[in-house]
Amino acid sequence: MDTFVQQLVNGLTLGSLYALIAVGYTVVYGILQLINFAHGEIFMIGAFGALTTSLVLFRGQTGLWVLPFMIIGAIIASVGTAVLMERFAYRPLRNAPRLAPLITAIGISVFLQELVRLNYNHLPFTSWNPFNLPDAKSRIPFPQIDVVTGPAFQIGGVTIQRSAIFTVGALLMCAALLWYFINRTKTGRGMQAVSQDADTARLMGINVDRIIVVAFALGAVLAGIAGVAQGLQNNNIDFRMGFLAGLKAFTAAVLGGIGNIQGAVVGGLVLGIVEGMATQYIPGQFGGSPWKDVWAFVLLILVLVFRPQGLLGAKAVDRA
Amino acid sequence: MIRIPNIPESVVVKHGPKAWPLGLAGAGLLIFGSLLSWSFDPQVLGDLSISFNPGALQIMAIAQGLLAIILLLADKGPLTSLGQWADTALALRALATWALLFMAIVLVAITVEAGGLVNIEPGGWIAFLGAVLLFAASRLVLPRETRDLGHARLPGWAEILVIVALMAAILFGTAYALGLSDAWEFVLFLMLVTGVVITGIRAGFLTWLGHVTTRHKHVLMLAAFAVAFLFPFTQNGSDANMSIASQVLIFAAAAMGLNIVVGLAGLLDLGYIAFLGAGAYVGATMSTSAFATIGWKPPFIVVMLVGGCVSATLGLIIGAPTLRVSGDYLAIVTLGFGEIFRLSMFNLDGNNGPNLTHGPNGVPAIPDLTFGSFNFGDTHTLLGIPLARFSNYYFLLLVLIAFIILVFARLNNSRIGRGWVAIREDEKAAEAMGVNVFGLKILAFVVGAFLAGLAGTIKAHQDVSVTPDQYIFLESAFLLAAIVLGGMGTVAGVLIGAVILKLLPEKLRFFADYRLLLFGLLLVLMMRFRPEGLVASRRRQLEFHEADEELAVRVEGDIAEVVI
Amino acid sequence: MTVTAEAVAAKAPAGVPLLQAEGVVMRFGGLTAVNNVTMSVSEGEIVGLIGPNGAGKTTFFNCLTGMYKPTEGSVRLSGVELPPKPRAVVKAGMARTFQNIRLFANMTALENVMVGRYCRTSSGAFTSIVHGPKFRREEAETRERAQELLDFVGLGKSTDHLARNMPYGNQRRLEIARALATDPKLVLLDEPTAGMNPLETRQASDLIFKIRDSGLAVVVIEHDMRFIFNLCDRVLCLVRGETLVEGTPDEVQSDPRVIEAYIGTGTDDEDDDEAGDTP
Amino acid sequence: MHQRSVLRVGAPLIIAALALSACGSRSDTGSGSGASSGNKIAIIGVMAPLSGDLSALGLGIQHSVELAVKEANASNAIPGWTLQVEPKDDEGKPDVGKNAATAFAAEPNVAGVVGNLNSNVAQSTQPVLATAKIVQVSPANTNPTLTKGADFKTAPKRTYDTYFRTCTTDAIQGPFAAQYMFKAGITKVATIHDKKAYGQGLVEAFTGEFTKLGGTIVDAETINPDDSNYQSVITKIKPMSPQGVYYGGEYPQAGPLSQQMKAAGLNVPLMGGDGIYDPKFIVLGGATSAGDLATSVGAPTDQLAAGKKFLADYAAAGYKDPAAAYGAYSFDAANSIINALKVSLKGAKDVASVRQATIDALGKVSFEGVTGHVAFDQYGDSTSRVLTVYKVVSGAWAPVSTEAFK
């Protein structure tokens, strides 16, 4: 029983992370019908933004008060990247065949990974590194924050890590704020209008370009926070972290019904729990942690084939 | 391509007449300067320090000068009969721009390599001055009306000769480029080739060549294969370049298979490398390697077929969801399949699942192929030229590529190919017209996978070992990039894309670390500015430029899908 | 010159109409777009389908051609029930055109028509690759037949033109040629004269007569009353998804309910149901 | 050098190619002038990842070989010959490595090659170099199958007689660690490995010895090296309450694993092989990594006099990148080739004709290197069996015991 609860906790923690990233896929997809394949890298850049903030401004500080600054740093980095990406890579392709933005996304993804890997600690072709940043070619330890990464809580036989509480808490807060933003603000309602029918919304005087930028930025905010959460949880970050996390988060978004924000959250949590349980309870040779990713992708394919509208989606999806 | 703003009309009109003598003077200076010594340091750039004994780079510069003189004489002078066909003015502009760039980079190269501007001898400066003059002159030459090149014809034998000469030039150009070990020389040679090609395009030579090659399609094909076949003989027994060449061929074979799926049927497959991997694993596990896990050791031809069929079966499985999902969703499904394949190969090591693949360590020590008494690992001598291991594989792969091209081209020009185009254009309408949409999509996956599987079985033997990390997502992305870069749905495009993506990193080692970065950037820029690729299929070009009416009218004449 | 299929399917038993749609109902969620419509078409007949915007005409077409699976009802061709699969429907001998032209824009006219021959040929991958005898025979036949059909619709000189470069009227004709290439017994034309000038409209009706004369049955959706009443042997008027009147042009024309339907509902449905074409 | 051959074939066919023939001959005379004082040239190749995420290790290998060659040339180790280093990038990928090996095989002056870093790359380069009879000494491959073949446990059989290595294989390190742990009173251990040859081999060898000594393996798990979150595996292990965890793999995974283990309340030492003996392990493992253990081959480099000298020389040579984990082994690998060449190149007219002699001589080398005594057994493996256990003490690896493995 303890093991079950423990894997449930692990699953929820992992799932919260997926959910935070998945929202970004879903928001952009809802408005542009575009799979922003490079969203995983936004998450990675967020983590590096937080790391940079901590190293440049508060090197060696471990007090809780650093955390908000790190989160702000993460958000600035991720939102900046997302907005630039939208402006220079995706916007010119708005009316291109669907293959074009997808290939662009792959290109951006590779580009951003390599940019961080090669140039995180120095400018291109120089060795100028005023803040003595670490080399990003391999894993970098993530700064530890006193209250958030201390020893774990022990409840009965179940261990709950402090970072896990942070991750789940961040998801809850973000979900609440997001709900408020979408349903109670003018911009949020504008987003809803654009996702229903962009052309009509434009005729109604909604600045569609601005809404699209907001959608990218919104996803990036959450991805940035997810980057911090993952850094705190795993204690290390690297330039590759976005690929698999992005793929899993996309799976989560599809699982919940892409385009549907509640769906992304639910999908993320379900996927996380499935992974945790698959590690523990699938017996025999095809169980255990080596196969958990396989099961996650099998789940993705099954959902796409048999229920492409996802768990919470109602509308049949037929996008060519 | 660098765009230089046009000079104001008034200046051109006023100084136009001076362009011709100025250009001749520039070209002359360029040639004269190139005959002199360029550098004091004999160590750099293959020794450019001996006057009247030009080094390789100097010969390149002289070639550009001569080409410029020919163009000038075609504009005004004894070659005007040529000038009425070719757009000499535009060509001259392109040539002069690239020549100037070439000389500038030469000077930079000498400065960097030898350490300081002082190392440049007067010859270098004279040649540079010549390039500058030529450039200035080229901006002043006025474009003229030219006749339609579609009507320009030579006797049949002469046209065939042109094709043969061109192919020979490609052969020796490639062999020469591969032999260059200095990165500067390599880059400069590439610049020369690019400059000449662009000059050719501007002059209309390539358009004419297009007409010629359509008139002599079979000659072109034969010549191309002859060139590919002759390539190992230029290596004089050295296997270093053949190793790269045979990798390019495997990559090209896989890319061609993917091109059926992406280029013809219009389905984006992001896990395609899994098919190559499936073939390779079949080849490895059924080989006589001590690590092979399957006891059955049939002749290789059977192994190839098994590999192809296993891949095709996977293709069928991956293709099955196309019944329900399409577009981006399909791309993600294929990506998921690719990851599942890799992870499965990673895990099937006896610890987690049956022992089939030895997990991350893969199947090493795969012996060379033998057909009868012919062992691919041995060096064989033909016409006095030794052909070593990789040359043997190269020939085998050449046969495979020929087969794949045949399949590709014939399918494209059949009822099935028309069905694929129809699906790409408007899936609903195609279905309403009785096209078997689902069947054709599956067929594309199966045929593509089968071909990749065949290539994979050879790759296993050629590579000696098969490991899961050769079949990661990035490799699928590279395959896709080869197609995107070269041009979707064309054979030549894919070959060019494969060569660029596999060869350049080998030759441009100093880029090594920035390779992937540039690759990512390239994908983004290609999609932005030339989504149809370098060698575009006419139809694909139209599909990517829906709004371009002018293009549509221009293309109409030769839409009859020339795939070569 | 004939456009009929050479014995595509067994001839229908005497007395059974060529097309028989019975009690077709199509609901989207709570909306009933087509409600219990029954229609039959005999060989060599031209039937008109009229109705105000949003009456469910195109939805009904989609039900007939298998694009939609009707919620209730059945569609029979020559007495054989049609499965709701477009490909099977085409194979059985019913082809259509679209309200907003859906040609393969980047293919030439000839290639467009050749695609229409797809379902009447069967060369597989293997014979295509080796250029086997079957492939060569079918390819030559396809090409010849496609050219014949282009001549038939009056596009004989536009063989190599790209569909997207052709004038609007010719695109309509090309779409008809493409539909005819499937060797149908019945063609469904969805607003074949939309956006045409009077001259083009007259040419279109000539073409439809010509098709009929070659032995095919035709069903036409149209807004142009004069066109439809001149052309059709029988007219069906749909209003809000239901059959209002069915009869000869004269009967329908003089029916007060039809006039009322057109005047009374002309403004409340702006969108035609083509929007629902891709759910 | 290819361009001349191109032209030899091409000239009869294309007149234009005549023009190029001039430069073909010129560049040959040009490159000849690189050698000093009329000495003949012998090239020692280096194949390692010089770009990409493993480049830190690869560049350390390259520079260490350069240092060895520089010292050999300075002392005129092989009279009449000048050694040169030619590095080639294998990117840590088998197919790129194969290209590099093929290029070496095509050069008549290549006397030996140091490399590769990765065992799977070596699998691809071994046959290429073996065909050309070029000796290859790896400073870092630990996969036993490279020297002893597929059935290395039951029926070891030398695969390629050109292949040698200066590092030890997993078959020694694992049992050594087992003995140390058991002696320290740890009898219940959970094992984790990354499924790669190195990690799996270590764990298998460890498990064999540990159970033989009477210890219990309470759980055996694997991880995927691409992952960075090991919570689910830790959750599986924790209820078994092991007294220690033995990890087969490398530091990028081991560091976070250690940290996450401790954070989840599993406060037992983690032990691994030389793959985790790296300062980066401690950086990634954080403060809680104190007490974690690692084994490494040879005595500590900075304790041997020769090792100290190597590190000092390396620093003095001013290379941009540090010697890294495999610098000392690479230095020894290069020196073993140089020692073999001293024998085989004596009186030889060119490198290519004495390649077999070089192979034979390399099998017999025996000298004191910077990692200890360097010699090879009949399979090409290093005979050095001295190992050291290191422990994380106040943020650094501190040697706790150095012993010869029995």
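In which loop of chain B does D269(B) lie? D269(B) lies in the loop between α11 (240-264) and α12 (273-285) of chain B. The structure is a predicted model, in which local features need pLDDT of at least 70 and side-chain atom pairs count only at pLDDT 80 or more, while totals for chains, interfaces and linings use all residues. Residues are numbered from 1 along each chain as its sequence is written, chains are lettered from A and ligands numbered from 1 in the order in which they are written, and side-chain values use heavy atoms, with hydrogens and water left out. Helices (H or I, at least four residues) and strands (E, at least two) are DSSP runs, numbered from the N terminus.

D269(B) is buried yet has no salt bridge. Buried means under 20% relative accessible area, exposed over 50%, and partly exposed in between, with a 1.4 Å probe and protein chains only. A salt bridge is a side-chain nitrogen of Lys or Arg within 4 Å of a carboxyl oxygen of Asp or Glu. The nearest side chain of opposite charge to D269(B) is that of K441(B), 13 Å away; Lys and Arg count as positive and Asp and Glu as negative, with His and the chain ends not counted. The side chain of D269(B) does reach the backbone nitrogen of Y272(B), at 3.3 Å. Apart from its neighbours within four places in sequence, D269(B) has contacts (heavy atoms within 4.5 Å) with L258(B), V261(B), V262(B), F275(B), T334(B) and F445(B).

In chain D, seven strands form an open sheet with mixed pairing, in the order β7-β6-β8-β9-β10-β13-β14. β7 (216-222) and β14 (396-404) of chain D are at the edges and have a single partner strand each, so one side of each is left without a neighbour in the sheet. On average, neighbouring strands of this sheet are turned by 25° against each other, direction ignored. Two strands pair if DSSP finds at least two bridges between them. Strands β6 (residues 188-193) and β8 (residues 244-248) of chain D pair in the parallel sense over five bridges, and I192(D) stands opposite Y247(D) in β8(D). Helix α8 (residues 197-213) of chain D lies across β6, β7 and β8 of chain D and runs at about 165° to β6(D). Axes are lines fitted to C-alpha atoms, for helices over the stretch in contact, and angles run from 0 to 180 degrees between N-to-C directions.

Within the sheet, strand β9 (residues 270-272) of chain D pairs with β10(D) in the parallel sense over two bridges, with M271(D) opposite L293(D) in β10(D). Five of the five residues of β10 (residues 293-297) of chain D are buried, so this strand is largely enclosed by the rest of the structure.

A hairpin joins β11(D) to β12(D) through two residues. β11(D) and β12 (residues 372-375) of chain D pair in the antiparallel sense over four bridges, and G372(D) in β12(D) is the bridge partner of G369(D).

Five pairs of chains are in contact, of which chains A and B share the most contacts. Chains C and D do not touch, and their nearest C-alpha atoms are 33 Å apart.

The whole structure holds 37 salt bridges over all chains. One of them joins the side chains of D227(D) and K292(A) (3.0 Å, N to O). This pair crosses between chains, from the loop between β7 and α9 (231-237) of chain D to helix α12 (residues 292-306) of chain A. Both D227(D) and K292(A) are buried. These two residues belong to a network of salt bridges that links K248(A), E275(A), K292(A), D293(A) and D227(D).

A salt bridge also forms between the side chains of E139(C) and R418(B) (3.0 Å, N to O). E139(C) lies in helix α5 (residues 133-153) of chain C and R418(B) in helix α16 (residues 415-425) of chain B, so the pair joins two chains. E139(C) counts as buried at 13% relative accessibility, and R418(B) is buried with a relative accessible area of 10%.

Definitions and conventions. A polar contact is a pair of N or O atoms within 3.5 Å; within protein, one must be able to donate a hydrogen and the other to accept it, and residues adjacent in sequence count only if both atoms are side-chain atoms.
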